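Hello,

Here is the structure I promised to pass on to you. Please open it first, and then read my notes below.

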Amino acid sequence: MFEGWDAVALARAQFAFTMSFHIVFPAFSIGLASYLAVLEALWLGTGREVYINLFNYWLKIFAVAFGMGVVSGIVMSYQFGTNWSAFADKTGPIIGPLMAYEVMTAFFLEAGFLGVMLFGLERVGPRLHFLATLMVATGTLISAFWILSANSWMQTPTGYAVNADGQFVAVSWLKVIFNPSFPYRLVHMVLAAYLTTSLVVGAVGAWHLLRDQHLAGGRVMFSMAMWMATLVAPIQILAGDQHGLNTLEHQPAKVMAMEGHFQSHPNGAPLVLFGWPDMTDAKVKYAIEVPKLSSLILKHSLDAPLGGLDTVPRENWPPVPITFWSFRVMVGLGFLILGLGLFSLLMRLRGKMYQSRLLHLFAVTMGPAGFIAVLAGWITTETGRQPFTVYGLLRTADSASPLAAPAVGSSLIAFVIVYFIVFIAGVVYILRLMAQPPHPGEQGPPRAVPARAAGITPAPAAVTEAAR
């Protein structure tokens with residue numbers, strides 16, 4: 001079926017497909033774990049029932065999203081051994097330990113306290129349960145730390161040497177971990193996770209306020225979400241700008257593709273708002289431009305020169321159309337999120353935040369925007385790094401396993417079928433949970449039913465053991 005196809009292209013498509021499903025769940029889990037910690041802290045501090053009701057409401061959703069993220073992440077890791085064995089061999093001495101550190105710190109922390117967080121409130125008491133919630137939230141952030149460190153090293157490799165077997169080995173773990181792009185990418189991703197979660201929480205709150213403006217849980221979650229959008233969206237735009245400047249310094253070809261700069265501009269580069277990048281003719285067709293604005297953004301001077309892809313060997317060009325448009329989707333959604341935050345602030349100051357149907361409809365519409373922006377940002381980052389897996393050092397074509405196209409294509413079809421069945425079912429279940437409003441006395445995730453409550457008489461040995 002796949003005879004004559006490019007095995008590397010199929011392997012890339014498979015990784016992109018599984019990663020696209022996976023990345024939205026960690027982004028949601030990171031923000032939602034922190035939101036749960038805030039809700040529980042507010043409940044402990046104020047004693048207001050609405051906070052524990054919301055905590056239990058979102059805890060059920062968190063449990064499903066966390067599980068789906070873990071499952072999809074495990075599948076992704078196997079691909080390093082199946083489709084990308086050459087990459088795993090050459091980068092294993094660096095990427096392997098970073099992944100191990102993530103498991104030993106973040107995953108063990110999350111796994112150790114997740115059960116207490118999900119089912120232990122009535123068993124361990126509020127304060128110890130709050131500690132468990134904090135540990136799970138901290139674990140998600142630590143996980144982001146190690147994963148982004150590994151990926152950032154692939155973008156801006158430092159602190160390494162190449163041994164006699166052609167493998168990358170660490171000569172300075174501090175330089176490997178804290179590589180030049182890592183701080184910017186970590187801040188950008190964590191803020192994106194918080195905004196993604198706030199948009200989902202805000203959309204759910206707005207959905208229920210459209211039905212009942214006086215619903216206490218809907219008001220609280222909507223207000224908290226809109227504060228997050230209002231305060232964090234401007235910070236995220238600033239963080240994105242600083243990340244872009246860092247990328248210009250270390251990965252100039254990526255920025256050239258993002259900006260659509262095929263040609264160098266010695267006297268100030270225009271900002272191409274829209275157009276169609278044509279790699280064959282090396283130009284952006286039907287371009288709508290703002291003269292010299294790109295130089296002002298990237299160099300803080302209208303007349304600052306900016307290089308173009310004409311300074312880069314053509315075989316090292318990223319796929320410009322994908323990078324160009326995914327970047328614009330991400331930026332456009334970022335400004336829409338900012339607009340939502342400012343609109344909610346205006347309605348808050350006017351005392352109409354819970355009555356404005358226009359604001360609520362806007363918030364519901366923006367519910368998926370964070371996920372789309374995260375995906376667009378990931379596509380921009382990863383396609384802009386091409387044709388390398390380790391930027392400037394290891395080409396993607398040299399990273400793939402020596403597999404025939406039919407073998408890779410068959411597994412890709414299997415992934416597509418299984419993922420759509422499993423993940424659509426999971427997402428539908430999450431949406432059904434969200435469709436129900438939070439109620440007074442909201443219960444958390446269901447626990448196993450005790451044997452006697454289920455009408456089952458315990459065996460004598462079990463009774464004896466329980467008595468002990």
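Which residues does serine 326 touch, not counting those up to four places away in sequence? They are Ala376, Ile379 and Thr380, where contact means heavy atoms within 4.5 Å.

Before going on, please note that this is a predicted model, in which local features need pLDDT of at least 70 and side-chain atom pairs count only at pLDDT 80 or more, while totals for chains, interfaces and linings use all residues. Residues are numbered from 1 along each chain as its sequence is written, and side-chain values use heavy atoms, with hydrogens and water left out.

Back to serine 326, which is found in helix H11 (residues 320-349). Helices (H or I, at least four residues) and strands (E, at least two) are DSSP runs, numbered from the N terminus. Serine 326 counts as buried because its relative accessibility is 8%; buried means under 20% relative accessible area, exposed over 50%, and partly exposed in between (1.4 Å probe, protein chains only).

Asparagine 246, in helix H8 (residues 216-250), is buried too, because its relative accessibility is 5%. Its side chain reaches the backbone oxygen of proline 180 at 3.2 Å. Leaving aside neighbours within four places in sequence, asparagine 246 is in contact with Pro180, Ser181 and Tyr184.

Next, have a look at the strands. E3 (residues 271-278) and E4 (residues 283-290) pair in the antiparallel sense over six bridges; two strands pair if DSSP finds at least two bridges between them. Phenylalanine 274 has isoleucine 288 in E4 as its bridge partner. The two strands form a hairpin with four residues between them, and alanine 282 in the turn has a positive phi of about 55 degrees.

Last comes a pocket (an open set of points on a 1 Å grid where a 1.4 Å probe fits, with protein on both sides within 12 Å along at least five of seven lines; lining residues have an atom within 4 Å of a point). The second largest pocket holds about 680 Å³ of space. It is lined by 23 residues, and the closest to its centre are Phe371, Val427, Ile430, Leu431 and Met434. Helices H1 (7-46), H7 (182-211), H13 (369-385) and H14 (405-435) each give two or more residues to this lining, and H14 gives the most, with eight.

Enjoy exploring!

How values were computed. Points joined across faces, edges and corners; volume = space filled by probe spheres on them. Polar contact = N/O pair within 3.5 Å; in protein donor to acceptor, adjacent residues only side chain to side chain.
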